Amino acid sequence: MTEISFNDGWSVRPKSSIFAELGGPAPAAEAVRLPHDALIKAERAATGTSGAPGGYFPSAAVEYSKTFDVPEEYRSKRLAVLFQGVYRDAMVYVNGIFAAQRPNGYSTFVVPLDPYLQYGSANTIRVEARAHNDSRWYTGVGIHRDTKLFVTDLVHVAVDGVRVTTPDIDARRAVVEVATTVQNDGIDTRHVSVTTNVHDAEGAVVASDIAPVTLRAGTSAVAHQRLYVRQPKLWNVDSPSLYTATSMITGTDEILDERETTFGIRTLQLDPEDGLRINGVTTKLRGACIHHDNGIIGAATIGRAEERRVQILKEAGFNAIRSAHNPISQAMLNACDRHGMLVMDETFDMWAESKSPFDYSLAFPEWWERDVEAMVAKDINHPSVIFYAIGNEIPETGTPLGSGWGRKLAEKIRSLDNTRFVTNGINGFVSVMPDVVTMMKQQDEGAEPGGVNTAMSQPGDFMNMISASPLVTEKTAESFSVLDVAGMNYGDGRYVLDRELFPNRIIVGTETFPGRINVNWRLVEENTHVIGDFTWTGWDYLGEAGIGRMQYLDGNEQPQFGAPYPWLLAWCGDIDITGYRRPASYYRETVFGLRHEPYIAVQRPEFHDRNRQPGQWTWSDSIASWSWAVPEGSPVTVEVYSDADEVELLLNGRSVGRAPTGRENAYRAEFELRYEPGELAAVGYVGSREHARTILRSASDEFQLDVRADRIELNDDDSDLAFVAIELRDDEGVLATHVERKVSVEVTGSGVLQALGSARPDPVDPYDGNWHSTFDGRLLAVVRPTGPGPITIRTTAEDADTVTTTLYVLAQNVGRPQPGQADG
């Protein structure tokens, strides 16, 4: 089989009707390279139809088109295009004729081209996509994931036709079962051989088998081969060893098709006494929920962006991600396999009950089964995937008939793949919401203290209280019973309770408040049936604007859930949209037992005396800086995170005070002091001995641009990017977080500026321009290669010298890891 990237040569324009075009020319088309998000460049406004959930972007309907040549000799071939994701309600036309549809914006689907092609001439494929009030977060719009063109002989391996499992493993050998589906689209019976070779990471053949297959005309057959790998190297989070199975279909003296499939060898076990075991070792999930967007480049799922997110999350201490709330991309799965990141892949955010006026619930009854099949086919060979999640906060989970959908979904998945576990992110509060609403309506002014009205002043605690109630126990029993692992959103109040009520129930915190990680992680550590915690969220995202912000209220002003325009970001991620770790990330790392150096987080002093209202997803409004544009002597609050027994805070060598920290003190100490530029140090003590020390220094008013690319050498393909950090630093290298400057970036040569932006949660500058203002002293530029050769990046800012950076794009495939190589 010839597999070709189909990402180049596309154009996109706003969708218009044929009747509108009678009155004038069609909207102009823009040449684009996929993956692409057609919405991220749209103008946001307070009146944007998506509101706070969608980041105040407008609705959009777009049309992509591409013209490609099909030679005459392809008449005896089979051609198809694979779309890994088109958001949303995709309609595909080939040479003006309808060829395929896919309502789900995250599902992979294949479009056979043969009936529509004109051989020996140019052909046009057109894809329509649209987004309008159909999601609770920013989705983007368009062909946001990769596309592939398949060209095969009449006898070929089916798309997704290789399945590799490892059902029997010990230290001496691993059984590798390879099922290869071979398809014969010809009119003759064919006799072929299926040769499968298993290669290790160094490329050596470690197992081999040949199976004869007879194919009648117009049929398919499965070659089931059982191979044995001696002394297997097992895949796990710390050592993600990979193998490659090469499947070759041969006829008489000719190779008809060949397919490479990367896989890992590992075992999964699950029980209430030992929890989750990978290769026999109990593994607690240090989990992060993540959305699908890539920050300033929008929803475009470009391979390097997905890999970078996985790398940064892993470095921050996470070992698992939950794809919230849609199937994860192939590019991110590949990165998780290489870097040892466990995956909970999720189907849907809704079933038949809608959450937005025009969401996927309108298509769910007809399409759910095909979308589940697509997700499992995508995931089946990836060792990183250990869970399938069948939903998120689904209202139907609290009703007997509604829970029947969950049973259908779970059993469908098990029929396709019984080697992994099924869960569901059930929010007990959402499951019984009609009952809660009735209860709240029954409350009146004479309600006794501690009633619903009082409880709602702390909605997170109220949600947890409801989740642990007998009402939820009864209403969700059937929905939990169809699962291998009970996924609980904001339901940690059930963890200990369910150990007694349901002794066979194994629990994972599928979604939890970031501020409760010290409590939740203790529950995970102390209860064998609780196997992990997934915070909302590991990485900040576009949309659900401001749900994690600290609100500063004046007078009688009341807190609001969503933030007003120009807010864009949720502002609840451990890591911001540009990839920098926020204070919550370092706190979490300390709680996980992975960090032993104190971390200093300084609350923004300009808001010190304001009335603060945190939300359930809020961390303190703080950063690790001792550079502030406030008068000397201004009051300031300093937080220190540490696993030491106690910490001492020093300001310019003088002790501000000591305070206990460590597990019994929530790993946290807080100090009040007056701002004085210089050096702020935190010293951790175990017993009476210094354990570790952290220092923050004030930046001077003289600064320069510090520009650093994550890599100097790039590959000439459509999956690569360079991430260029732009920072304002003084002569000592101290980040000038107190300075804001407009920075301009010019890219010439063999690349383009894909995006430029900061982590500012309420930006007014767009991400597609060549200038942007810094936030906390930082910016990020993303550069995309367009061909081999040098790329020159020229960065300028007021009061700073211009910085020129040169990158080099290598010829295609030079320096790129080969399939099966692990990045450790």
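Mentor: Before we start, helices here are DSSP runs of H or I with at least four residues, and strands are E runs of at least two, numbered from the N terminus. This is a predicted model, in which local features need pLDDT of at least 70, side-chain atom pairs count only at pLDDT 80 or more, and totals for chains, interfaces and linings use all residues. Residues are numbered from 1 along each chain as its sequence is written, and side-chain values use heavy atoms, with hydrogens and water left out.

Trainee: OK, at what angle do H1 and H2 cross?

Mentor: The axes of H1 (residues 303-315) and H2 (residues 330-339) cross at roughly 40° and come within 8 Å, where axes are lines fitted to C-alpha atoms over the stretch in contact and angles run from 0 to 180 degrees between N-to-C directions. That makes H1 oblique to H2, a term for angles that are not under 35 degrees (roughly parallel), over 145 (roughly antiparallel) or 65 to 115 (roughly perpendicular).

Trainee: And which residues make the contact?

Mentor: With contact meaning heavy atoms within 4.5 Å, the residues include Glu 306, Val 310 and Lys 314 of H1 and Met 332, Ala 335 and His 339 of H2.

Trainee: Switching topic, where does His 132 lie?

Mentor: His 132 lies in the loop between strand S9 (121-131) and strand S10 (147-152). At 35% relative accessibility, His 132 counts as partly exposed, which is the range between buried (under 20% relative accessible area) and exposed (over 50%), using a 1.4 Å probe and protein chains only.

Trainee: What does His 132 touch?

Mentor: Leaving aside residues up to four places away in sequence, His 132 touches Ser 59 and Phe 358.
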